[in-house]
Amino acid sequence: MVKEINTLSELITILKDDIGTYTEDVWFRGQSHYSWQLVPGIFRYASDVSETSLLTRFKQSASLLIDTSPKDDFDWLFLMQHYGVPTRLLDWSESPLTSLYFAISDDNNDDNDSALWMLKPIELNKLANIKTTEKNFIPSFDDDYLKNYNIENVNSNKNLEMSPVATIATRNNSRIQAQLGVFTIHHLDKKPLEEFCSGQEIIKYLIPKNSKSLLRKELDLLSVNKFSLFPELSSIGEILKKKLS
């Protein structure tokens, strides 16, 4: 049975029940449409999009605009994701409140139910044969576990299809730090992430459209807002304009 989140109190109760005695990390992702699947941006296009071509074009235009050049293709991929270029990455957060905000913040989508996903990244990585006795071990983009997922190796091993992997990256800007950002990365298989799972690794919660307004007010009471998650000057202006309306 699908569990509904109508209030923050319900969210806490649900997470207590579903996390239970599980002591490894859990991650969250909010989506404004309940029907949406967990498909990375680059796989959402009808025509094949070359990740290599996107990377080349991005480097061409971005090189003069960044202070420090990324050290490898993973760093470039991460930067592309940050600025809205479609990649094989999916954004997640260690915070359920952050993810809930992203699920309901756009009031233009109030005619649709939204979704909050909970992922157990350690369990997902076991499906990709990443197993270790180290508690809460999640590989970073620098680890050998991720070598087969970089752009060069993906292109040279097109007959190899591997499961998505949960990974962490250096939080080198204020936005990803504020959002407690983490990632999953697909290989070549374009299936939605949830279709790789057995049901033990991931849970999807329903956020009814009629509950979004109340949930936004409750998040605002806890100062989970545009500025707390996007600590930038433009966020201040947007918040002040809303106070005038």
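Colleague: By class, how many nonpolar, polar and charged residues does the lining of the second largest pocket have?

Modeller: This is a predicted model. The second largest pocket is lined by 16 residues. Sorted by class, these are 5 nonpolar, 3 polar and 8 charged.

Colleague: Which residues of that lining lie nearest the centre of the second largest pocket?

Modeller: The second largest pocket has a volume of about 540 Å³. Nearest its centre lie Tyr101, Arg216, Asp220, Asn225 and Lys242.

Colleague: Which element gives the largest share of the lining of the second largest pocket?

Modeller: Two or more residues each come from H4, helix H8 (212–221) and helix H10 (233–244). The largest share is 5 residues, and it comes from H8.

Colleague: Which residues lie nearest the centre of the largest pocket?

Modeller: The lining counts 37 residues in total. Those nearest the centre are Arg29, Gln81, Asp91, Phe102 and Gln179.

Colleague: Which element supplies the largest share of the lining of the largest pocket?

Modeller: The helices that each supply at least two residues are H3 (73–82), H4 (96–104) and H7 (174–178). Strands E1 (27–31), E2 (89–93) and E5 (181–185) also supply at least two each. The largest share, 5 residues, comes from E2.

How values were computed
Residues are numbered from 1 along each chain as its sequence is written. This is a predicted model: local features need pLDDT of at least 70, side-chain atom pairs count only at pLDDT 80 or more; totals for chains, interfaces and linings use all residues. Side-chain values use heavy atoms; hydrogens and water are left out. On a 1 Å grid over the protein atoms alone, a cavity is a set of points where a 1.4 Å probe fits but cannot get out, and a pocket is an open set with protein on both sides within 12 Å along at least five of seven lines; lining residues have an atom within 4 Å of a point. Helices (H or I, at least four residues) and strands (E, at least two) are DSSP runs, numbered from the N terminus. Grid points are joined across faces, edges and corners, and a volume is the space filled by probe spheres set on the points. Ala, Val, Leu, Ile, Met, Phe, Trp, Tyr, Cys and Pro count as nonpolar, Asp, Glu, Lys and Arg as charged, and the others, Gly among them, as polar.
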